[in-house]
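Biologist: I would like to learn how to read a model like this one. Can we go through it strand by strand?

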Amino acid sequence: MTEQLLGPRAWGESCGRATLKATPDDFRVTEVLDIALSGSGEHLWLLLEKRGLNTEEVARQLARAAGISLRNVSYAGLKDRQAVTRQWFSLQLPGRADPDFSALWNDQLRCLEQTRHQRKLQRGAHSANGFFIRLTDLVADQQQLDARLQVIAREGVPNYFGPQRFGLDGSNLHDARRWAGQGGYPPARGTRSRLLSTARSLLFNRMLARRVEEGSWNRILDGDRLAFTDSRSHFPASELAADDPRPAALDLHPTAALWGTGALASGGAVARLEQQVATAEPELAAWLEGAGLEQARRILRLPIQGLTWHYPSTDCLELEFTLPTGCFATALLHELLELSSTPGGGLETEN
């Protein structure tokens, strides 16, 4: 299922196999927040380190401890349960003193920083995520792995949505297809959003897979729309000067559609490819359009910032790198190895 959802590799067959997340400490994520917090205001911001807990569980604990509604607890992105993650939360507490959270802090959850700010934390407000990943039970040729990692550091990887977007064993995708087949939408807002994102992600991954097969995922074609790594805006490739250095520097990338209503922004062969993928999934495409989602774009190429690696032992590989928000560490790992995970060790990080 994972292989099908992510699509083909760009840099060749896997270099071997390994175990992902044998322990929570083998997978660490830290949000990079580029917001200057004022120290005053009605919103209490907390930088928490958690393990064995998912983001929504922590949000519920904070709401109960503070005596507020869950809707008044905000976070920037979802982070893994089976991992050590550092992420920000904010609580809206107008006219109230800081609650006493001391009963919450334990080996699973601790507070690293606490301050006030005038505004709540918005989804996707962090600028990036920093990763530390330890792969154990490694069976691979180290020289081949080193060569692959050097290519990835220099050229990036296809920006697939990771398997966690599709749920355990594809459960989110199964549910999205069921609702699309019925022509209806889940009444719960959170479930509706999650399943629509799943359907959109599948169509995008299929478009990206076609570009990987053609060898054009990292090349600019006539009809492409281009976007910067950290921007949602895009412009036609025809406006790019021939000597512009930014595509080669991995600052500017071709994009594919996040399906919705309206005309495709792309043109020519690119638009035909994207339309063909959507046409092959008529129920999902119509379901997304019926939900009122507008056409958007996502970069096809994922640059890997600050990639370093070393081998603590012959059967262990440790990686450190930073990714933009909304991107998945599994996109990088997919280009390296066939991975198995321990029970409960699936990936959940969304952004």
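Biologist: How many bridges pair strand E9 with E11, and in which sense do the two strands pair?

Modeller: First the general idea. Strands of a sheet pair through backbone hydrogen bonds, either parallel or antiparallel. Now the case here, in a predicted model. Strand E9 (residues 225–228) pairs with E11 over 3 bridges, in the antiparallel sense.

Biologist: Which residues of E12 stand opposite Ala257 and Thr255?

Modeller: Ala257 faces Arg297 in E12. Thr255 has Ile299 as its bridge partner in that strand. Overall, 4 bridges link E12 to strand E11 (residues 252–258), again antiparallel.

Biologist: How many residues of E11 are buried?

Modeller: Use the cut-off of under 20% relative accessible area for buried. By that test, 7 of the 7 residues of E11 are buried, and the strand is mostly covered.

Biologist: How far apart are the C-alpha atoms of Gly262 and Ala296?

Modeller: They are separated by 9.8 Å. Along the chain, these two residues are 34 apart.

Biologist: Let us turn to E3. Which strands pair with E3, and over how many bridges?

Modeller: E3 joins strand E5 (residues 84–92) through 9 bridges, running antiparallel. E3 also pairs with strand E6 (residues 109–117) over 8 bridges, in the antiparallel sense. For landmarks, Arg51 stands opposite Val84 in E5. Leu46 has Gln114 as its bridge partner in E6.

Biologist: Why is E3 described as largely enclosed?

Modeller: Count its buried residues. In strand E3 (residues 43–51), 8 of the 9 are buried, so the rest of the structure largely encloses this strand.

Biologist: And where do the side chains of a strand point?

Modeller: In a regular strand the side chains alternate between the two faces of the sheet.

Biologist: Now zoom out. How many helices and strands does the chain have, and how compact is the chain?

Modeller: The chain has 8 helices and 16 strands. Its radius of gyration is 21 Å, close to the 20 Å that the globule rule gives for 351 residues, so the chain is as compact as a globular protein of that length. Its C-alpha atoms fill a box of roughly 60 × 50 × 45 Å along the principal axes.

Biologist: What share of the chain is buried, and what share of contacts joins residues at least 24 apart?

Modeller: Buried residues account for 51% of the 351. Take the contacts between residues at least 6 apart in sequence: 81% of them join residues at least 24 apart.

Definitions and conventions
Residues numbered from 1 in each chain as written. Predicted model: local features only at pLDDT ≥ 70, side-chain atom pairs only at ≥ 80, totals over all residues. Heavy atoms only, no water. Rg over C-alpha atoms; globule rule 2.2 N^0.38 Å. Buried < 20%, exposed > 50% of the residue type's maximum accessible area, 1.4 Å probe, protein only. Contact = heavy atoms within 4.5 Å. Pairing = 2+ DSSP bridges.
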